[in-house]
Amino acid sequence: MTLQNKVALVTGSTSGIGLGVARALAAQGADVMLNGFGDANEIEALRKKMAEEFSVTVLYDGADLMKPERVAAIVKRTQEELGSLDILVNNAGIQYVAAIEEFPDAQWDAVLALNLSAVFHGMKAAIPGMKSRRWGRIINIASAHGLVASANKVAYVAAKHGVIGATKVAAIELANDGVTVNAICPGWVLTPLVEGQLVARAKEAGTDVSTEAAKLLQEKQPMLKFTTPEAIGAMAVFLCSNDAQTITGSAISIDGGWVAQ
Ligand code: NAD
């Protein structure tokens, strides 16, 4: 185990990629602060299971990270109740799909608030403690859509491109403070976020979810298979390792060749 005595905050970790990353960090001995929405009993069950399975402390805070003050507060709570914040994984994100001329202003604001502004507020709150301990890892979950665009996803694509820019700035600012900052750029990962898009597509096309899943992959990814949350978690663990201490400011694709095209 490589992350004993480290504390991680993984935003949006009640499902999908965030849950995969939180479990991977806990498996390496990190204490974890979970965050995200969902059924209270289900969240408590997964919190308890993670703590028991990996013999680490796991706490949960259901902060709505669209609110800047809640981002600062969850960082503070993590430091106070788990003793530190060494690994920040900015993962919470939402999607909204519409052409620009039909894109609701409120959805633009919401996607930007969570997918981009919360990353800024999280880094701002976490950096002083990491600098003072001269060790830190910030991992921002961007997307293939941080590097290339698709139609009908203006807020998401703009936010994810912004996340990669913010990652680079933080990496430069912290280059000699023992803190690395990187973005992971997944292609398609089969999570509730993508399942929602598949259901909507199937309804519109009069098909089913598995037909739309195959079409989704064909449209974007040379490799016709989904990445797993576990694979994203494994990359996060590597970025926290000593071998990764000079990897900073990178946007690391895990995308079945999506952005190679
Ligand atoms: P998901 O919907 O399974 O999980 C999103 C998480 O964010 C959940 O825990 C949810 O409760 C939480 N969340 C939503 N709104 C929140 C808020 N206001 N405050 C706090 N938490 C909130 O989605 P996912 O696919 O696991 O996505 C996770 C991240 O990965 C997102 O940033 C997404 O953009 C990115 N991503 C996903 C894919 C993919 O194919 N699934 C690809 C590239 C990037």
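Predicted model: local features only at pLDDT ≥ 70, side-chain atom pairs only at ≥ 80, totals over all residues.
A polar contact is a pair of N or O atoms within 3.5 Å. The ligand is placed in the largest pocket, and it lies between domain 1 and domain 2, since both give residues to the shell around it.

**Backbone contacts to the ligand**
- Asparagine 91 has a backbone N or O atom 2.7 Å from an oxygen atom of the ligand.
- For glycine 12, a backbone N or O atom lies 3.2 Å from an oxygen atom of the ligand.

**Residues around the ligand**
- The ligand is surrounded by 30 residues.
- Ser15, Asn91, Tyr156, Val189 and Thr191 are the closest of these residues.
- Sorted by class, the shell contains 16 nonpolar, 12 polar and two charged residues.

**Location in the fold**
- The ligand sits in the largest pocket.
- Two or more residues of the shell are given by each of helix 1 (16–27), helix 5 (154–173) and helix 6 (192–205).
- Helix 6 provides the largest share of the shell, with three residues.
- Domain 1 comprises 7–189 + 228–260 and domain 2 comprises 190–226.

Terms used
Residues numbered from 1 in each chain as written. Heavy atoms only, no water. Near = heavy atom within 4 Å. Polar contact = N/O pair within 3.5 Å; in protein donor to acceptor, adjacent residues only side chain to side chain. 1 Å grid on protein atoms, 1.4 Å probe; cavity = no way out; pocket = protein on both sides within 12 Å on 5 of 7 lines; lining within 4 Å. Sits in = over half its atoms within 2 Å of the grid points. Helix = DSSP H or I, 4+ residues; strand = E, 2+ residues; numbered from the N terminus. Nonpolar A, V, L, I, M, F, W, Y, C, P; charged D, E, K, R; others polar. Domains from an automatic or database assignment.
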